[in-house]
Amino acid sequence: QVRGLCGTFNGDQRDEFTTPEGDVEQGVAAFANAFRAAGACPALGPAIPDPCEGIPGSRERAEASCAVLMGPAFQ
């Protein structure tokens, strides 16, 4: 059984955003904030910031990493 930020992976998309308390959140920000360690980082607002903005080359590195995960080694 899988739970957490990776979802439930049970084929039912209605419960993918299940929080540690067992609630199902409707939005991404509320779901992510449920896993936030108090004081460790700021809470997400309603709009999720693009993690590739502001750091040169990060989008290219992310796309290369995703290509490995989506490639034959993980099929």
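This dialogue goes through a few features of a predicted model.

User: What should I know before reading the values?
Analyst: In this predicted model, local features need pLDDT of at least 70 and side-chain atom pairs count only at pLDDT 80 or more, while totals for chains, interfaces and linings use all residues. Residues are numbered from 1 along each chain as its sequence is written, and side-chain values use heavy atoms, with hydrogens and water left out.

User: How many helices and strands does the protein chain have?
Analyst: Helices (H or I, at least four residues) and strands (E, at least two) are DSSP runs, numbered from the N terminus. The protein chain has two helices and zero strands.

User: What share of the residues is buried?
Analyst: Buried means under 20% relative accessible area, exposed over 50%, and partly exposed in between, with a 1.4 Å probe and protein chains only. Of the 75 residues in the protein chain, 15% count as buried.

User: How many aromatic pairs are there?
Analyst: A pair of aromatic rings is described by the distance of the centres and the angle of the planes. Rings of Phe, Tyr and Trp (its six-membered ring) pair if their centres lie within 6.5 Å; planes under 30 degrees apart count as stacked, over 60 as edge-to-face and the rest as tilted. The whole structure holds two aromatic pairs. In one, Phe17 and Phe31 have ring centres 4.9 Å apart and planes at 25°, so this pair is stacked. Phe17 lies in the segment before H1 and Phe31 in helix H1, so the pair ties together parts that are 14 residues apart in sequence. Phe31 and Phe35 form an edge-to-face pair, with 5.3 Å centre to centre and 70° between the planes. Phe17, Phe31 and Phe35 form one aromatic cluster.

User: What does Thr18 touch?
Analyst: Contact means heavy atoms within 4.5 Å. Leaving out residues up to four places away in sequence, Thr18 touches Arg3, Thr8, Asp23, Val24, Phe31 and Phe35. Thr18 is in the segment before helix H1 (28–34) and is buried, with a relative accessible area of 11%.

User: Which side chains meet in a salt bridge?
Analyst: Side chains of opposite charge can pair when their charged atoms come close. A salt bridge is a side-chain nitrogen of Lys or Arg within 4 Å of a carboxyl oxygen of Asp or Glu. The search of the whole structure finds one, between Asp12 and Arg14 at 3.0 Å, N to O. Asp12 is partly exposed at 25%, and Arg14 is exposed at 68%.
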